[in-house]
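I opened the notebook to record a few look-ups, one entry at a time.

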Amino acid sequence: MSLLFNDFASWGEHCAATGEPLYQPVLAYEIEQKGRTEDEIWTGLQRAYDVMRDAVHEGLTGDMTSRSGMINNGAKKIAASPVTVLSPEFKQLITRALGAKEVNSCMGRVVAAPTAGASGILPGVLVTIQDLHKLSDRQILEGLLVAAGIALIIEQNASLAGAVGGCQAETGSAAAMGSGAIVYCLGGPVEQVFAAVAVTIQCMLGLVCDPVAGLVEVPCVVRNASAAAIAFSSAQIAIAGIDPVIPVDQCVAALGEVGQAMETRYKETALGGLAATKRGKEIEKMVLVQDVNILPDDPDEA
Amino acid sequence: MAEKSSIFDMIGPVMIGPSSSHTAGVVRIARAAIRILGSIPTEAVVTFYNSFARTYEGHGSDRAIVAGLLGYAPDDTRIRTAFDHAADAGLKYTFQSVGNASTMHPNTIKLNLYDDRTGHRVEVVGQSRGGGVIRIVEVDGFPSDFSGALHTLIIDANDVPGSIAFIASVIAHDQCNIATMFVSRKGRNDAARQFIEMDSPIKDITLAYLRQLSWVQRITYIPTLD
């Protein structure tokens, strides 16, 4: 019987008992629960990573103008900016994550990881870590399996959907998948991988989903960039052996609790936060379809 | 307890943005509808309801539905430019919005499709339920309930006693497991329509046998959708 990814504690215990690397029980889970062969899984992961890499490339080369006009070639502008505020690598990370998410907003091809709204984070993180540390595709695919295991546990004990748990559930989960994958790919032990996830959740907790005009553009695109940065800061903290104090499973429980308590207007409804600002409302008026029929009251329909 | 997710739900699906319910699910509703029609239509009237009514342009659901009507998969990069391809394919389409259909799911689309080459016409109502998951809830005025994730049979037959049991038994002899079955009829002893979802594909010879039964008018077979 494969591990069912009910929590991080049992995942860690399994690997300690068997000596398996973290990705191995994720692979076994998919084979046993979903009937896929190992070959199919590696091929599927390679395809996903290829699409992520293409999205990073497309974001930095294609015309990234959204129909609303709110997204307008941001990644290319950042890459071309003469000012480097931190380091060239940081600038690259930001352009990659933001660019891949712009591809999503502009009807390009992406991998929902875990969701479409968070689809820039893993591409930005993984392409950057591979580039910086000269990792093989195989190492990145193992990192993707670890990321999938992290997401399975969050899905079960909290949520991955903005409409259920707010932005923390989408970009927060993606950042946690990213930070865990970074530490895994750099050879960090299991407890440091889980510490990275815990730190990321601590950083992303409470983030509301308040998309302007209901579109997956503002603030989703900039949040994908900042979530990628938080994945790196969390990994840097965790790989130094810093104790996150609150164990990872309890951080996930907090993510679920905060998501449940969040008001509906902060859950993808475009009724609160940035969506409810004066400018947000003006933009909403401009982009929404105005020619809408309203049915007369029909007693038979009620 | 709900079925366990796949790792490819966590790292996936591969799709065209921006949103699984507004693009991927919408493409799939149209893909189901053209299979019911039997061809790519020449004319389509698309009605967006409720939540979709105001947001369909901003989310690109209009391009997604046209792309699905052209048979494109949810990860096809031509979705973005679907309007241009529709002109080439001879598909004419119009959009309309209804904002307050309170009895319907928030993300509902109605498709009225016509193919002037075959003379076939169909009306399909579908819901986009998040994550690209869809449900077809009405076909030509008959209530229905199928997702396109399995293999679906739509059988128009006279409402004769024993017809449901007979069809179920024929399908069972093909080693097909019936996952769901939904029967609706206009009235007693009137035309009835059966929607049958099966875990595996049905053999051509079984379909041919069912089609020649005297009390069966028409069978549409929809293999699992992308």
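In which strand of chain B is B:T152 found? I looked it up in the model, which is a predicted one. B:T152 belongs to strand 8 of chain B, which covers residues 151-158.

I then listed what B:T152 touches, leaving aside residues up to four places away in sequence. The list reads B:F146, B:I196, B:E197, B:T220, B:Y221 and B:I222.

Second entry: the two chains together. I found 42 residues of chain B and 53 residues of chain A in the contact. About 3,900 Å² is buried between chain B and chain A, and 58% of that lies on carbon and sulfur atoms. I counted two salt bridges between these chains. One of them joins B:D75 to A:R47, and I noted 2.5 Å between their closest N and O atoms.

I looked at helix 3 (residues 38-61) and helix 7 (residues 137-157) of chain A, whose axes are 10 Å apart and meet at an angle of about 100°. I therefore wrote the two down as roughly perpendicular, since angles of 65 to 115 degrees count as such. From helix 3 of chain A, the contact residues include A:W42, A:Y49 and A:R53. From helix 7 of chain A, they include A:D137, A:I140 and A:L144. Sorted by class, this helix contact has nine nonpolar, one polar and four charged residues.

How values were computed:
Residues are numbered from 1 along each chain as its sequence is written. Chains are lettered from A and ligands numbered from 1 in the order in which they are written. This is a predicted model: local features need pLDDT of at least 70, side-chain atom pairs count only at pLDDT 80 or more; totals for chains, interfaces and linings use all residues. Side-chain values use heavy atoms; hydrogens and water are left out. Axes are lines fitted to C-alpha atoms, for helices over the stretch in contact, and angles run from 0 to 180 degrees between N-to-C directions. Helices (H or I, at least four residues) and strands (E, at least two) are DSSP runs, numbered from the N terminus. Angles under 35 degrees count as roughly parallel, over 145 as roughly antiparallel, 65 to 115 as roughly perpendicular and the rest as oblique. Contact means heavy atoms within 4.5 Å. Ala, Val, Leu, Ile, Met, Phe, Trp, Tyr, Cys and Pro count as nonpolar, Asp, Glu, Lys and Arg as charged, and the others, Gly among them, as polar. Buried area is the accessible area (1.4 Å probe) that two parts lose on being put together, summed over both. A salt bridge is a side-chain nitrogen of Lys or Arg within 4 Å of a carboxyl oxygen of Asp or Glu.
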